[in-house]
Amino acid sequence: MAEFDLSATFIPSLHKPSSLLPIARHRQSLLYLIETYPVTIVVGQTGSGKTTQIPQYLEQAGWCAEGKIIAVTQPRRVAATTVAIRVAEEMDCKIGEEVGYSIRFEDVTSSKTRIKFLTDGLLLREALVDPLLSRYSVIMVDEAHERSLSTDVLLGVLKKILKKRRNDLRIIISSATLQAEEFLNFFAGDAEMQSNLKQEPQSAVTLDDLIAQGGQKPNPTSNEIGQIISLEGRTYPVDILYLENPAEDYVEKAVQTVFDIHTKEPDGDILVFLTGREEIDNAVQRISERAASLHPRAQALMALPLYAGLSTEQQMYVFEEAPENTRKVIFSTNIAEASITIDGIVYVVDTGFVKLRAFNPLTGIETLTATPVSKASATQRAGRAGRTRPGKCFRLYTEPNYQQLSESTIPEIQRSNLAPVILQLKALGIDNIVRFPFLTSPPSELIIRALEVLYSLGALDTYTKLTQPLGTRMAELAVEPMMAKTLLSSQTFGCVSEILTIAAMTSLGGTIWVPHDGEKKKMETARRKFAVEEGDHITLLNIYQAFITKGKKEARFCHDHYLNFKALTRAVSIRAQLKRYLERFGIPIPESLSSNPNLQPLSVGGPDKGEQIRRCLTTGYFAHAARMQPDGTFRNVAGGTVLYAHPSSLMFNRKAEWVVFHEVMEMGGKSYVRDVSRIEKGWLVEYAPEFYRFA
DNA sequence: GAGCACTGC
């Protein structure tokens, strides 16, 4: 047995010997359950060792016989790579040999690989090639409680696969919260029952029930399919404190609370949850101003921001130990709730809000709104205070407020644009979307809207079957359906190379530009150097061209032009991947773009090239068309919705008649369009005659 | 004149 192996003595001190992890005591029962039942639900607290140990137990127990592989999925890339590296160390092998990982653009596996960590999105892609995922003997879905879009789709697909591989596939669902029963019922129930299942009131299962159950007591409804096992974690108790009266301004209250902690509580760093960049910068500013009023010899207070929009270097500060006689306070978005773990946090201040994205199927507009957190989220945030020693969590709301919070956050699948999901399901051969076993069914409006969009793009026929070859190819391309359609039209317009670049650049989101401190004006000037009259898409093309000709080699280029080196490097990878797909489809790619060393933006290789590009964009983005009004705002084609050019768009201060845009998002009651380009009204009728009947 | 929570293929 590994527990008593001499080699355990020599494990680097960085890691606890695995025999000391709480999970070691459950090894036999875990292996028994996995051997006996198709599905095992593992409820594991933080630090239980489930992710690193279970795959090793399985490998030792013979689950990799006959060349079979154990897959462990993660919602995020960093988790997949770091856990893989750690397990490889524990098993004393080189990463990529017995233990490997696979994420987009990075496949570190070999024919020797027995344990493979990968993102759940990538495992779904594998199912396109191998529909029964037959290489795998065990598939462990980690962090399933986060209910990410691809985790939910994967669970439904796995349920279907299990029906055909009842004897040779084992599924392990690992979850940190108490949704265990829901996962088990999901695998136990028939597909047709699922839509009713979610209507039932949640059964009140406590942690004690689950621990007492210990996986041994058969569940009367689900004992055929699987069992639940609970693993204790290694966390410390956290005291929860509430406000007596609600706070009027939670940013101000958060700042005050930080000072109260600083002056009254013992040592230990503070983590404050706010909703976004603006609030965070504001709070950091207020702390710095007021820290001056602290007694000169008292302990100092150092405020640091943390959000995804910061550069990697700026994010690294939060991991550094505070200087002598200084307490660190980190103001963070939800990124610190699950994605980033900071050691040494003893106090958490939870404002109780988070910004959530949602998709309105009636307008097709995404919203980004500050929303009260769920109880599960509040619990997760509080837990961030007890990782190294007992901690305290200050909730900036009252206890009755807490009681009114919903149990868990609405899963993404119930609030997202489902066009990509449905296209993917169709490509997996799942034609009847309504009967697909969703863990929680999305509202039918979302499904209908997605089907309409896919039909209008020509990916689905009138029977909602995937079209050949267009629909199948769109599903294979790793971009959203509208851009996939644009890419597949580009051959006709003679602009394949240019659209490849535009597709890669738009999929970066808003991460192309990095403002340096207090130099916003200069960034605008830098941005204008790349600008062209036709709009944002061709501007993106110019930026990419400048990057590959200059920015990749000259270290200062990106810095001087306020460009994000990491993001642009990613664009290069995305473009290369998309190009490989097109080549596989037999689409020739003339790389005609001449290098453009003088940064003269207005020429895009011939007088008509720009027009061809914009015509091509219209074939995919006709549903995202709008008309400019005399006041500079836009109306969508139906006329009802007022759209504003996002300040990052060239169209923010230019005139145009008709435009298409990449995306639209509602923030603070206003809908902003991003990545906007001029088109002609006539093109809409020409390329989308069924969609636009006006003449 | 005014601004994007977080992931992923």
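User: How many nonpolar, polar and charged residues does the surface near DNA strand B have?

Analyst: By class, twelve are nonpolar, six polar and ten charged. Ala, Val, Leu, Ile, Met, Phe, Trp, Tyr, Cys and Pro count as nonpolar; Asp, Glu, Lys and Arg as charged; the others, Gly among them, as polar. This is a predicted model: local features need pLDDT of at least 70, side-chain atom pairs count only at pLDDT 80 or more, and totals for chains, interfaces and linings use all residues. Residues are numbered from 1 along each chain as its sequence is written, and side-chain values use heavy atoms, with hydrogens and water left out.

User: Why is the pair between H646 and a phosphate oxygen of DNA strand B called a polar contact?

Analyst: The cut-off for a pair of N or O atoms is 3.5 Å. A side-chain N or O atom of H646 is 2.9 Å from the phosphate oxygen, so the pair qualifies. R277 uses a polar backbone atom, at 3.3 Å.

User: Why is helix α2 called mostly covered?

Analyst: Buried means under 20% relative accessible area, with a 1.4 Å probe and protein chains only. Nine of the eleven residues in α2 (50-60) are buried, among them K50, I54 and L58.

Conventions:
Chains are lettered from A and ligands numbered from 1 in the order in which they are written. A polar contact is a pair of N or O atoms within 3.5 Å; within protein, one must be able to donate a hydrogen and the other to accept it, and residues adjacent in sequence count only if both atoms are side-chain atoms. Buried means under 20% relative accessible area, exposed over 50%, partly exposed in between (1.4 Å probe, protein chains only). Helices (H or I, at least four residues) and strands (E, at least two) are DSSP runs, numbered from the N terminus.
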